[in-house]
Amino acid sequence: MKKILAVILAAMIAAYVCGCSKNLGQTNKADIPELVWYVPGSKQADMELVKEKINEILVPKIGATLDIQFIDDGAYQERMNMNMASGTVFDLCFCGYVNVYYDCIRQGGIIPLNDLINKEAPSLLKALPQYLFDAATVNGKIYAIPNNQIMAQNIALSFQKKLVDKYSYNLSDVKRNGDIEPFLKTIKDKEPDLYPFNGGTSVRINLWSMDKYENAYIGLNCLWIDKSDEQCKVIKRYDTKEFLEGIHTLRDWYNKGYIRKDVTSATGASDSQYAVSAIFNKPGLEQELEKKLGIELDTVNLYKAHMTTQGCIQTMTGVSATSKNPEKAVKIIEQVNTNAELYNLIVYGVEGKHYTKINDKYIKVIPESGYSDSGAWKFGNQFNAYITEGKPENVWEETQKQNDEATKSKLLGFAFNTKKISSEIAQCVSVTEKYSAIEDGSVDVDTFLEKYIQEMEDAGINIVKAELQSQIDEFLANKK
Amino acid sequence: MYKKAVSQTILKIALALLAVLIIYPFILLVSVSFSAEKDILSYGYSIIPKTFDVEAYRYVFKNPMALVNAYKVTTLFSVAAMCLGVFFMSMIAYVLSRKDLRGRNVLSFFLYFTMLFNGGLVPTYILMTKYLYLNDTIWVYILPGLISPWYVFMIRTFFNGIPAELSESVRIDGGNVYTIFFKIIIPLSKPVLATVALFLFLAKWNDWYTAMLYINKENLVSLQYLLQRILQNIQLLQNLNYGAVSSLMNELDIPAETVRMAMAVVVAGPALIVFPFFQKYFVRGLTVGGVKG
Amino acid sequence: MNVQLQKSKRRLIDGYPGQLTETMQLYSLCVIPVLLVVIFNYLPIIGIIIAFKDYRFNLGIFGSEWVGFDNFRIMLKTKDFVTITWNTLSLNFIFIVTGTIAAVLLSIILFEVKSRTFTKAIQTLVITPYFLSWVIASYMVFAFLNSEYGILNKILIGIGMKEVNWYSEPNAWPGILTVANIWKNVGMDSVIYYAALMGIENSLFEAAQVDGASKFRQAKSIIIPSIMPLIVIMTILKIGNIFRADFGMFYQLTRNVGVLYSKTDVIDTYIFRTMRVLGDMGLSSAVGLMQSVIGLVLVICTNYASKKIDKDFGLF
């Protein structure tokens with residue numbers, strides 16, 4: 001008995017040691033460095049093949065090879081935290097809505113790129129619009145390059161077409177969201193299987209406020225500025241009449257049955273259950289949603305698109321502090337953003353094997369071919385990518401136009417430094433989440449609002465507001 | 001006689017009732033997994049599927065190779081961890097059960113301290129990847145947490161209950177610590193060792209966090225992590241607040257409610273099937289012959 | 001037999017002949033486990049100093065700036081500290097008490113049933129919740145509690161009462177969470193106690209029956225005392241973690257609905273949400289350290305008290 005165990009033990013140790021040495025037995029070609037780029041997404045089966053082709057283009061141009069590593073979306077945040085915390089050597093990483101840009105900067109995970117771009121990748125400056133660089137600037141330095149895609153938000157209402165036709169609803173009557181109330185009533189009375197209104201998890205109160213106000217600090221959805229205010233005075237949202245109008249209307253709609261009763265706790269129900277949904281819109285979205293839900297939609301844009309810093313920093317590429325080849329890393333970013341052939345290779349794979357070209361602009365992705373659409377917005381300028389079937393032909397032009405023509409926030413490039421007031425922020429976050437139901441109409445507004453305001457004041461919202469204001473003032477002063 | 005039968009029946013009914021209450025959600029789970037997606041969205045969960053539909057399972061088994069592989073890997077490291085864990089933990093539990101051992105309290109505290117204090121995620125990660133090179137190997141599933149103070153103390157308590165006379169009788173025959181351990185203690189402790197083995201097996205079987213953090217190679221991914229991956233994508237979407245992102249996130253594939261349930265069944269099912277194997281070790285009483293005094 | 005007993009008793013006195021060999025043999029037996037503990041549990045503890053630092057990735061653990069108790073202050077200063085601490089403590093306490101009672105009760109009942117097949121079948125059924133993650137469990141609870149088509153509300157309407165929007169009623173949730181906790185754990189926990197019951201010598205029961213003791217009396221004088229050491233140990237162990245909440249349960253079951261926070265928000269969920277905005281690793285490390293230290297103090301006290309009752313009850 002003991003002997004068997006001893007043998008097993010010995011075998012284990014042997015196996016372990018062997019496994020160990022495998023890790024160490026890797027050789028690198030001395031003069032051509034390999035750069036590693038971490039990106040969220042599912043692993044691609046044909047990655048090796050695509051990698052070969054990528055390097056065929058890259059090596060002659062910049063003398064380096066690229067290894068794109070996909071990390072599962074759900075694990076990406078945690079993994080990147082660990083990678084950076086443990087000092088893992090890598091070169092490029094996606095940062096934005098996950099692996100948050102400001103956190104990376106604060107924790108020292110990515111490096112400033114200004115000098116590197118000027119020296120090594122000057123054409124990047126011309127390839128991307130100036131407002132992107134403005135938005136990404138933190139204290140005068142840029143730490144990552146935004147991957148150009150839809151940046152400016154604009155709010156829309158999405159109607160199910162068959163209902164619009166059935167009840168002969170005139171969409172051009174809809175100028176403000178309040179205008180849809182008669183339609184909601186019709187749906188409530190005549191279509192018991194559907195929910196009339198969906199405020200969504202992110203739009204909600206913005207429906208009433210977004211044409212006038214902008215959220216000055218995204219961590220708390222409470223401090224706003226008037227978009228037209230040159231001095232950017234910070235206002236508490238519950239001091240604005242638009243906010244009050246909004247929550248009263250939502251509550252009214254909830255009571256009338258236009259909003260589902262379990263709105264606070266409902267899981268992501270299918271959009272096809274709602275007659276009208278409030279959404280953030282971009283060109284081509286209607287087609288995408290139609291394809292996904294299998295029903296026809298009509299979208300009405302409500303407000304002019306507006307670009308905020310937050311909107312621009314959702315998808316970016318940064319260079320790691322542990323990178324041994326930051327110059328080459330920046331050159332890769334330049335290539336990805338300017339070389340359409342390389343870019344489409346990364347996004348869609350090899351022509352013929354993973355997709356077929358329909359014409360110069362359109363392609364058809366071949367499903368189950370070993371490489372699927374890896375997400376253009378994860379790597380570079382989305383507008384350089386081929387258009388997949390189903391999207392309108394001018395989708396990139398329209399998107400670019402929406403970006404260019406959007407009103408720009410005066411706070412582009414402003415980042416709120418919360419270090420001095422961390423505990424007040426923590427408290428305010430807690431209150432905000434505690435009272436988040438105020439935005440979905442499920443609670444009695446008057447009593448709730450009073451408590452919300454009281455607790456926010458107690459939590460120190462005024463301290464946060466004062467700090468935010470002083471930092472904004474300093475930012476504006478420096479801008480001149 | 002009659003009284004006994006009646007009280008037995010009452011007990012059985014009570015237990016049966018309890019079992020039904022407890023298992024009800026699981027039955028719901030199975031039912032949802034065999035339902036049509038649109039029924040769930042329109043009517044919610046129901047105990048009997050309105051329309052019997054195996055679409056969810058078809059989706060889950062779409063990539064059978066990944067699933068089969070995950071099963072293989074998970075079974076391998078779960079069984080390995082279970083065997084090694086029980087073995088090593090009973091060693092230290094026995095040592096701790098010896099009241100005559102010098103420094104026993106120190107050893108006990110040494111072990112217990114680790115239950116409360118741990119360095120946190122970052123130092124552990126650094127140790128495992130930078131110094132031990134355990135990432136992307138099967139050992140990262142097995143080695144950490146092999147010695148769980150919780151179970152060690154449980155086993156030790158059980159060992160305390162084994163009468164001293166039995167160990168003495170071995171000594172008389174010229175045995176030493178090892179003989180006592182292997183010849184007396186282990187064989188008599190089947191119930192508690194089986195319990196710990198079961199718990200350890202299940203803990204490893206359900207482990208998804210390790211895979212998420214340390215595994216990159218697809219062929220080393222654990223079963224629970226496959227499920228968790230899908231569920232996490234959904235959580236991610238629901239937690240996002242930013243408009244620009246929510247519209248771009250529509251490009252991600254969101255699996256249906258029924259698929260989530262199906263995956264849960266696929267993952268939990270085998271563990272339940274395994275349980276009866278452990279049950280046969282729950283044998284009543286000490287069955288060593290010849291040591292009655 | 002008496003001679004043997006005397007010999008073993010002699011061992012309890014320090015300095016008996018052959019003790020050195022015995023001690024060395026014993027320690028050699030547990031060399032590997034101890035090594036594993038040192039490597040995997042003690043080495044990372046060095047990293048606890050992150051709690052005292054302003055942790056920057058590029059400076060590493062040792063290079064980052066020392067900030068003393070600043071990270072702790074962020075946590076302690078918040079007004080919510082009292083609420084979340086109270087929630088964590090009180091709910092965990094209720095869980096320990098109700099969970100233990102339920103598990104012991106269930107194991108005794110299972111033990112009393114004569115039919116092995118029936119017992120095995122019931123055991124397999126009651127342990128199923130243990131295998132479902134809290135995420136899945138939260139869907140089940142949602143199916144039960146939601147206001148649109150939830151089963152509980154359907155029942156309430158059926159017996160003529162008004163339906164309740166459970167996800168807006170904070171006061172209902174300590175009860176809901178307790179039931180959920182029992183539901184998930186009672187099966188598996190009872191397995192532990194059941195195994196212990198299996199270890200009780202049959203002769204004890206036989207003797208009691210000969211004496212004509214009722215089942216109730218038997219339970220009181222044989223079963224409970226026999227498994228008391230186990231119950232005490234398990235309880236002490238659980239008390240050590242009384243400051244740590246089962247994050248999965250508190251976050252998933254409540255669907256992170258803000259209205260319920262006054263009764264369901266615990267330290268772990270609070271820190272999780274704060275981290276999403278502040279992203280400061282020093283803070284989470286500091287809180288973790290705090291939870292550990294308090295747990296340790298509580299355990300030492302409880303352990304001391306238990307040993308006073310019976311020397312065998314101590315953890316160490």
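This is a predicted model: local features need pLDDT of at least 70, side-chain atom pairs count only at pLDDT 80 or more; totals for chains, interfaces and linings use all residues.
Visitor: How many bridges join β3 of chain A to β15 of chain A?

Guide: Strand β3 (residues 92-96) and strand β15 (residues 315-319) of chain A run antiparallel. Among the facing residues, Leu92(A) stands opposite Val319(A), and Cys93(A) has Gly318(A) as its bridge partner. The number of bridges joining β3 to β15 in chain A is 5.

Visitor: What is the order of the strands in the open sheet of 5 strands in chain A?

Guide: The pairing in this open sheet is mixed. From one strand to the next, the twist averages 30°. The order in chain A is β2-β1-β3-β15-β6.

Visitor: Why is one side of β2 and of β6 in chain A left without a neighbour in the sheet?

Guide: Strands β2 (65-71) and β6 (144-146) of chain A stand at the edges of the sheet. One side of each has no neighbour in the sheet because each has a single partner strand.

Visitor: At about what angle does helix α14 of chain A run to β15(A)?

Guide: Helix α14 (residues 326-338) of chain A lies across β1 (34-40), β2, β3, β6 and β15 of that chain. Relative to β15(A), helix α14 runs at about 155°.

Visitor: Which strands are the edge strands in the open sheet of 3 strands in chain A?

Guide: This open sheet has the order β16-β17-β18 with mixed pairing. β16(A) pairs with β17 (residues 362-365) of chain A in the antiparallel sense over 3 bridges, and Thr356(A) has Lys364(A) in β17(A) as its bridge partner. Each edge strand pairs on one side only, and these strands are β16 (355-357) and β18 (387-388) of chain A.

Visitor: With which residues is Cys428(A) in contact, leaving aside its neighbours within four places in sequence?

Guide: With neighbours within four places in sequence set aside, its contacts are Leu220(A), Cys222(A), Met456(A), Ala459(A), Gly460(A), Ile461(A) and Val464(A).

Visitor: How many helices does the secondary structure of chain B have?

Guide: Chain B has 293 residues, of which buried residues make up 45%. Of the contacts in chain B with a separation of 6 or more, 70% are between residues 24 or more positions apart. The secondary structure of chain B has 0 strands, and its helices come to 15.

Visitor: Which helix gives the most to the side of domain 1 of chain B that touches domain 2 of chain B?

Guide: Chain B is assigned domain 1 (1-53) and domain 2 (63-279), and 7 residues of domain 1 are in contact with 7 residues of domain 2. On the domain 1 side, α1 (2-33) and α2 (37-43) of chain B each supply at least two residues. That side divides into 4 nonpolar, 2 polar and 1 charged residues. The helix that gives the most to it, with 4 residues, is α1(B).

Visitor: How many residues does α1(B) give to the side of chain B that touches chain C?

Guide: Between these chains, 79 residues of chain B are in contact with 75 residues of chain C. The chain B side divides into 53 nonpolar, 18 polar and 8 charged residues. α1(B) gives the most to that side, and its number of residues there is 13.

Visitor: What distance separates the centres of domain 1 and domain 2 of chain C?

Guide: Chain C is divided into domain 1 (1-68) and domain 2 (78-313). Here 6 residues of domain 1 are in contact with 5 residues of domain 2, and the domain 1 side has 4 nonpolar, no polar and 2 charged residues. Taken over C-alpha atoms, the centres are separated by 30 Å.

Key:
Residues are numbered from 1 along each chain as its sequence is written. Chains are lettered from A and ligands numbered from 1 in the order in which they are written. Domain bounds come from an automatic or database domain assignment. Two residues are in contact if their C-beta atoms, placed from the backbone, lie within 7 Å. Ala, Val, Leu, Ile, Met, Phe, Trp, Tyr, Cys and Pro count as nonpolar, Asp, Glu, Lys and Arg as charged, and the others, Gly among them, as polar. Two strands pair if DSSP finds at least two bridges between them. Axes are lines fitted to C-alpha atoms, for helices over the stretch in contact, and angles run from 0 to 180 degrees between N-to-C directions. A residue is buried if 20 or more other C-beta atoms lie within 10 Å of its own, exposed if 12 or fewer, and partly exposed in between; C-beta atoms are placed from the backbone.
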